[in-house]
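Let's take a walk through this model together.

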Amino acid sequence: MIGGQRKMLFSGSIHYPRSTPEMWPSLISKAKEGGIDVIATYIFWNLHELQSGQYDFNGGRDVVGFIKEVQAQGLYVFLRIGPFIEAERSYGGLPVWLRDIPGIVFRSNNDPYKWIAELVVGLNTGVPWVMCKQDDAPEPLINSCNGKKCGETFVGPNSPNKPSIWTENWTTRYQAFGEDAVVRSATDIAFHTLLFILAKNGSFINYYMYHGGTNFGRSASAFVTTNYYDQAPIDEYGMERQPKWGHLKELHAAVKSSAGPLLSGVQVNFPVGPNQWAYVYYEDGGTGQCAVAFLVNPEKHGTPVPVTFQNGSYVLPPKSISILPDCKNVVFNTATVSAQSNSRTMSRSKIFDRPELWEEYKEAVPRYDDTTSVRSQKLLDHISTTKDASDYLWYTFRYVLVTVT
């Protein structure tokens, strides 16, 4: 409910530190053109407070500027504040100095961390709070689903006054060094997105990621590549990846053309084949005419299945959903892709063949005489010693050889 009106919202994750500020307007504009209503982003705590009490919101850290750009283009923001965000981010987005706080234990049943729900609700911000993948989220926090098949796996809202929310509809998967890219097809995304709306009364779906971008510097978690979710609808460089971007754009337009009955009509389901179903929405409390219909074929393999619906004949491809906004004519089928495919080519624009074109990163190797404070009779914990200031921990070993005769 926004402004007293029911809404169907499609959201896309675009993380401000994984692109440059110069890219933000274009990324948001392409998302809007693709039928996205909401931009989702995390707050990256270890980006803004590297040292306790010292904050940085400049340049690519300007989350307020990013949000204002979203607002200027007429979209909403889904702000995921953490504090633990995972996000394939170094240390899950938590600043390393947090481990020095007494009583803090990470990723466990930790009382200081469980103060957070009461804290955020007590702020009285006037906007709803979501607890991701928390089926027992306490009132008034909203439980949500993550994954690729939430139309099948989501247990549903844990209270009748909460909406059905999908916080992470994975458009691909992050990649580790040495792994092949995981490609999730446009048709699979479209099928499960629409199934969530029909089977779970879904009204908010966030694509993770809509634009992945780049893990700059040392910001990625262990072994994760610098390119992040490059197979998303908008690729690492900010270009539309087809047919994924275009197919989802057509899905969003078709769903929004039927948003009225979806949000306020009465749903009736009945079989139209051995394993095929019709989801029909009626207006006027179910006594009126068919307002919009969806024909679902969940079979993953096999040949297209002919079905009859309201005296009309339809052919449903495997693993597909057809949208009939007038209960007669199919305007979109999740398995039928009309968006043109594209490919990305690169050309050489610069040769780094002179020393002045390179920048050297240096880490000082300490003198042994200056290391009295970190001498130990055992191996040291890396992060506790370096405070995440370096990927390296230099060791000097001394052995005493004892000759036994």
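A salt bridge here means a side-chain nitrogen of Lys or Arg within 4 Å of a carboxyl oxygen of Asp or Glu. Before we use that, two bits of housekeeping. The model is predicted, so local features need pLDDT of at least 70 and side-chain atom pairs count only at pLDDT 80 or more, while totals for chains, interfaces and linings use all residues. Residues are numbered from 1 along each chain as its sequence is written, and side-chain values use heavy atoms, with hydrogens and water left out.

On to the charged pairs: the structure holds 19 salt bridges. One of them joins Asp 188 to Lys 319, with the closest N and O atoms 2.3 Å apart. This pair ties together distant parts of the chain, as Asp 188 sits in helix α6 and Lys 319 in the loop between β13 (312-316) and β14 (320-324), 131 residues apart. (Helices, H or I of at least four residues, and strands, E of at least two, are DSSP runs numbered from the N terminus.) Asp 188 is buried at 13% relative accessible area, whereas Lys 319 is partly exposed at 21%. For those words, buried is under 20% relative accessible area, exposed is over 50%, and partly exposed is in between, using a 1.4 Å probe and protein chains only.

Another bridge pairs Glu 179 with Arg 173 (3.6 Å, N to O). Glu 179 is partly exposed at 37%, and Arg 173 is partly exposed at 37%. Asp 369 and Arg 367 also meet in a salt bridge, at 3.6 Å from N to O, and Asp 369 is exposed at 54%. Then there's a network: Asp 230, Asp 235, Arg 241 and Arg 344 are joined by salt bridges that share partners.

Now for the inside. A nonpolar core is a set of buried Ala, Val, Leu, Ile, Met, Phe, Trp, Tyr and Cys residues joined through side-chain atoms within 4.5 Å. The largest one has 54 residues, and Leu 194, Leu 198, Leu 251, Val 255 and Phe 294 have the most contacts inside it. Helix α6 (residues 186-199) supplies the largest share, eight residues. Which residues does Leu 251 touch, leaving aside those up to four places away in sequence? They are Ala 190, Thr 193, Leu 194, Tyr 207, Ile 323 and Phe 332, where contact means heavy atoms within 4.5 Å.

Leu 251 is one of the buried residues of α7, along with Trp 245, His 252 and Val 255, among others.

Most residues other than glycine have a negative phi, and most peptide bonds are trans. Gly 82 and Pro 83 are joined by a cis peptide bond, with omega about 10°, and Pro 83 lies in the loop between β3 (76-80) and α4 (116-122). The bond from Glu 139 to Pro 140 is cis too, with omega near 0°. Phe 223 has a positive phi, near 75°, in the loop between β8 (202-211) and α7, and is exposed at 66%. Lys 387 has a positive phi of about 55° and follows α9 (382-386).
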